[in-house]
Amino acid sequence: MEIEIATIGGYEEVGRQMTAVRAGDDVVVFDMGLNLSQVLIHDNVETEKMHSLDLIDMGAIPDDRVMSDLEGDVKAIVPTHGHLDHIGAISKLAHRYDAPVVASPFTIELVKQQVEGENKFNVNNDLVKMSAGETMSIGDSGQVELEFVHVTHSIIDAINPVLHTPEGAIVYGLDKRMDHSPVIEDPIDMQRFREIGREGNGVLAYIEDCTNAGRKGRTPSESVARKHLEDTIRSIEDYDGGIVATTFSSHVSRVSSIVEFAKDIGRQPVLLGRSMEKYSGTAERLGFVDFPDDVGMYGHRKSVDRTFKRIMKEGKENFLPIVTGHQGEPRAMLTRMGRGETPYEIEDGDKVIFSARVIPEPTNEGQRYQSERLLKMQGARIYDEIHVSGHLREEGHYQMLDALQPQHVIPAHQNLKGFSPYVDLCESQGYALGRDLHVTRNGNMIQLVE
Ligand SMILES: [Zn+2]
């Protein structure tokens with residue numbers, strides 16, 4: 001069976017991920033993501049109203065025109081998890097394919113909300129839920145099967161899809177960390193990866209997320225960030241002023257830890273900001289978390305302002321607002337608080353907890369610096385980097401290669417510079433550039449079996 005891989009987006013950057021795998025006549029697309037930094041560079045861009053081609057020109061979404069060079073029909077569009085760099089272009093591109101979107105329950109719900117918010121296109125693709133551990137037959141040959149393997153990442157319900165073909169398995173490895181004690185959910189299913197590496201024809205190709213390949217050792221577990229958070233919040237338990245926390249709103253495990261420790265020190269947690277409400281509300285509705293009954297979630301500007309007024313009236317010492325703005329995003333809640341645009345007054349000695357790390361990118365670094373300066377000018381004390389990454393480091397990558405024993409390796413989710421430490425690792429394991437280690441760019445085809 002002919003096997004061909006189109007590396008469409010996310011091979012020159014972190015963002016706008018998209019890869020297509022053709023097995024005989026059947027094509028499966030993995031991820032359709034948005035490169036948010038390309039959007040944020042421009043002021044006041046409303047992507048909901050924009051045409052796909054303009055967004056492609058901006059470098060914001062994958063240039064999927066290369067798909068016309070791929071023979072065969074798309075049978076499924078498979079986003080691996082709910083981060084925007086993996087699902088953010090579905091509302092702009094999916095309607096061009098007569099295929100369902102197949103994803104885990106939490107991811108499908110986020111795709112659904114995104115498609116509903118789209119103003120330019122009518123995206124009517126079927127949305128099909130498939131959980132980790134389940135399989136689905138692809139096409140009519142009876143020889144190609146899609147499987148979801150549970151992985152751990154900085155968002156819940158993430159999977160790595162595996163396309164089983166007569167030539168071996170194609171494992172699409174974006175995005176994960178190897179977590180054996182995550183806060184909610186099960187540990188990563190390494191046993192299944194080891195089985196896949198050894199059954200049938202083994203693994204034909206492994207497409208890997210190289211985000212943190214240049215960092216030594218292994219990525220700590222989410223339970224480490226949780227412990228760090230607990231220790232920090234306990235250390236300011238006796239403070240009788242304002243404590244505010246911010247984190248990735250899509251990081252529901254982290255939000256749930258902050259909620260829990262806020263309760264532990266006798267403060268009422270309130271989630272503020274549109275995306276805080278969106279992700280945590282969705283996770284609770286689907287049964288992934290069970291927040292205490294009195295946790296407030298407010299997304300709309302008016303209800304947020306009303307809540308801030310209530311906090312000021314009843315005393316800041318009784319609350320712990322969990323807000324958006326960990327990267328200093330200009331329109332996010334914490335940035336507005338720093339600018340004094342909300343009724344919440346930050347006073348000398350108030351604590352601000354950043355349960356996040358600055359994404360190392362000039363726009364983020366600048367915005368975050370500005371936001372932090374504004375908070376400090378009002379006397380805020382900053383507790384920074386209470387965080388662990390969602391991506392594998394060097395030893396995690398080594399363990400994955402060892403488990404899967406892939407014949408071919410394709411680095412992804414980075415630029416050329418970011419690929420190089422992963423290339424070094426692969427070469428030390430006997431792979432050779434141009435032979436079975438394929439460093440590529442956006443818009444290329446790799447023919448693995450002719
Ligand atoms: Zn991700």
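Guide: Keep in mind that this is a predicted model. Take helix H5, residues 105-116: at 1.5 Å a residue, its 12 residues should span 16 Å, and its end C-alpha atoms are 17 Å apart, which agrees.

Visitor: OK, and is H5 mostly covered or mostly open?
Guide: H5 is mostly covered, with 10 of its 12 residues buried. Among them are Phe106, Ile108, Leu110 and Val111.

Visitor: What covers the buried residues of H5?
Guide: The cover includes the helices H3, H4 (90-93), H8 (252-264) and H9 (274-285). Strands E5 (101-103) and E6 (127-129) are part of it too.

Visitor: Switching topic: which residues are the protein donors of the zinc ion?
Guide: They are His81 through NE2, His83 through ND1, His153 through NE2 and Asp175 through OD. These donors lie 2.2 to 2.4 Å from the zinc ion.

Visitor: How are the donor residues spaced in sequence?
Guide: The pattern is H-x1-H-x69-H-x21-D. His83 and His153 link distant parts of the chain, 70 residues apart. His83 sits in the loop between strand E4 (73-78) and helix H3 (84-87), while His153 is in the loop between strands E8 (145-150) and E9 (159-165).

Visitor: Is His83 buried or exposed? And His153?
Guide: His83 has 15% relative accessibility, so it counts as buried. His153 is at 5%, so that residue counts as buried as well.

Visitor: Last one: why is the arrangement around the zinc ion irregular?
Guide: Because the four donor atoms subtend angles of 93 to 168 degrees, and a tetrahedral arrangement needs all angles between 85 and 135 degrees.

Terms used
Residues numbered from 1 in each chain as written. Predicted model: local features only at pLDDT ≥ 70, side-chain atom pairs only at ≥ 80, totals over all residues. Heavy atoms only, no water. Donors = N, O, S within 2.8 Å, 3.2 Å for Na, K, Ca; no water. Tetrahedral: all angles 85-135°; square planar, octahedral: opposite > 155°, others 65-115°. Helix = DSSP H or I, 4+ residues; strand = E, 2+ residues; numbered from the N terminus. Buried < 20%, exposed > 50% of the residue type's maximum accessible area, 1.4 Å probe, protein only. Expected span 1.5 Å × (residues − 1). Contact = heavy atoms within 4.5 Å.
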